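User: I am new to this structure. Could you take me through it?

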Amino acid sequence: MKVLARVETQAAHAARLLGDASPAVRELVMGTLRWQLTLDSLLERHLRQPMAALDALVRSALRVGLYEARRMRTPAPVAVAEAVRLTKAAVPRAAGLVNAVLRRAVTESWPDVTDAAVPLSVRYSHPAWLLERWLALFGEQATVAALAADQEVAPLYLLASVSHLDELAAAGCSVRPHPVVTGIVTVSAGTGVAVAALQAGRAYAIDPTAAAVARLLPEVDGLTVDLAAAPGGKSLVLASERPQRRVLAADRHLGRAVLMSRNFRLVAPAPVAAVADAAAPPLRPRSCGAVLVDAPCSGTGTLRRHPEIRWRLRAGDLYSLSAVQRRMAAAAAELVAPGGFLLYATCSLEPEENADVVAALSLEAVPVAARLPSGLGRVELSSGGVAIPPGAAGDGFTVHLLRRGA
Ligand SMILES: C[S@@+](CC[C@H](N)C(=O)[O-])C[C@H]1O[C@@H](n2cnc3c(N)ncnc32)[C@H](O)[C@@H]1O
């Protein structure tokens with residue numbers, strides 16, 4: 001309840017706050033965030049005021065109690081009693097309200113995803129403004145598939161080439177090859193063993209789409225530079241699959257660069273890790289064969305892993321992100337040697353952070369959709385890039401590959 005209130009009122013990251021939390025607590029927090037709008041719609045039927053008018057802790061108690069009663073195996077009376085107990089400790093005067101509202105709300109039927117009488121935003125618990133944008137960009141079928149994917153729990157995926165899978169197997173962790181993206185394995189049993197291996201630097205977790213996106217950067221002569229590289233996933237893919245190429249991986253944040261250099265111990269030859277601002281990289285203009293910018297972004301392609309983003313993001317945020325991304329992309333484009341490539345990617349589906357950013361560059365777009373694994377969804381964009389909506393196979397991304405004429 002307190003974690004949820006901090007996520008809501010202090011813009012804290014749920015996954016970070018959860019740290020080593022038990023799987024049950026993780027499901028309770030992430031599931032509550034994922035289904036927040038649906039939960040609120042059921043709760044508000046029994047409230048005299050809107051959810052927004054309540055104290056943040058009370059709001060969280062109501063959401064958690066209803067989620068636990070309806071989406072977990074906890075019997076409803078137990079879930080209600082627990083929410084009331086927590087409220088008594090935190091906001092005693094609201095315990096009666098939580099008890100009365102939850103006892104009624106737990107009897108409501110959960111909206112059927114096919115019930116057109118219920119707004120799509122409520123059925124799939126996404127803000128209407130974001131969903132309307134996706135409908136306009138991707139059409140109904142792809143949007144509904146993306147919404148459904150966002151409501152699932154993301155499996156743990158490992159980059160096979162750098163993870164010590166033999167050690168994991170010996171310790172009781174089972175993996176299976178990812179059905180769509182080669183070189184990725186899905187942890188199917190023994191998640192605790194895999195998490196311990198990640199913490200000990202014996203394995204690397206990566207989203208399958210992220211790996212597929214990194215591979216779109218053509219293998220060319222000259223230096224390969226990853227300008228916003230931490231924690232290093234895409235550089236690890238490139239370094240492990242192209243051992244004859246030199247990879248320089250930079251990130252502006254020292255702590256993240258240190259974390260990245262630790263991750264690079266998993267591969268030989270390792271990329272060189274550096275601290276640098278992608279908007280002013282300390283490299284000569286036109287000196288790099290291949291440049292990757294996986295820019296900091298809104299993350300609207302990652303809502304299954306970061307469910308709270310959807311409640312926090314405002315349309316106006318896209319413009320400030322876009323301004324930063326434009327500076328990074330412009331500086332990155334300057335580094336590209338004649339005949340070289342710039343891969344500009346974000347885990348955002350929004351045009352402001354993607355097509356609008358590359359439109360300002362004087363490089364030529366190279367189509368990439370046909371080079372993606374066939375099981376990944378894709379929407380080809382008029383900018384020459386491709387949006388990959390989130391799906392069962394992996395997170396959502398938008399990618400543009402650009403080339404400087406020889
Ligand atoms: C989306 S993440 C990169 C993920 C990484 N490519 C991977 O696959 O693991 C964006 C990164 O950009 C970094 N960043 C933000 N602003 C930057 C800047 N001006 N210059 C360089 N890196 C920056 C952040 O610290 C963050 O690590």
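User: Which residue in S8 stands opposite alanine 290?

Analyst: This is a predicted model. In it, phenylalanine 341 in S8 stands opposite alanine 290.

User: What makes S7 and strand S8 a pair?

Analyst: Two strands pair if there are at least two bridges between them. S7 and S8 (residues 336-346) are joined by 6 bridges. So they count as paired, and they run parallel.

User: How do you know that strand S4 pairs with S7, and in which sense?

Analyst: The cut-off is at least two bridges. S4 (residues 223-226) and S7 have 4 bridges, in the parallel sense. Valine 225 has valine 291 in S7 as its bridge partner.

User: Why is strand S7 called largely enclosed?

Analyst: A residue is buried if 20 or more other C-beta atoms lie within 10 Å of its own. In S7 (residues 288-294), 7 of the 7 residues are buried, so the rest of the structure largely encloses this strand. For the protein chain, 47% of the 406 residues count as buried.

User: Which residues come nearest to the ligand?

Analyst: Of the 19 residues around the ligand, Ala228, Gly233, Arg252, Ala278 and Asp294 come nearest. The shell has 10 nonpolar, 3 polar and 6 charged residues.

Notes. Residues are numbered from 1 along each chain as its sequence is written. This is a predicted model: local features need pLDDT of at least 70, side-chain atom pairs count only at pLDDT 80 or more; totals for chains, interfaces and linings use all residues. A residue is near a molecule or strand if its C-beta atom, placed from the backbone, lies within 6 Å of it. Ala, Val, Leu, Ile, Met, Phe, Trp, Tyr, Cys and Pro count as nonpolar, Asp, Glu, Lys and Arg as charged, and the others, Gly among them, as polar. A residue is buried if 20 or more other C-beta atoms lie within 10 Å of its own, exposed if 12 or fewer, and partly exposed in between; C-beta atoms are placed from the backbone. Helices (H or I, at least four residues) and strands (E, at least two) are DSSP runs, numbered from the N terminus.
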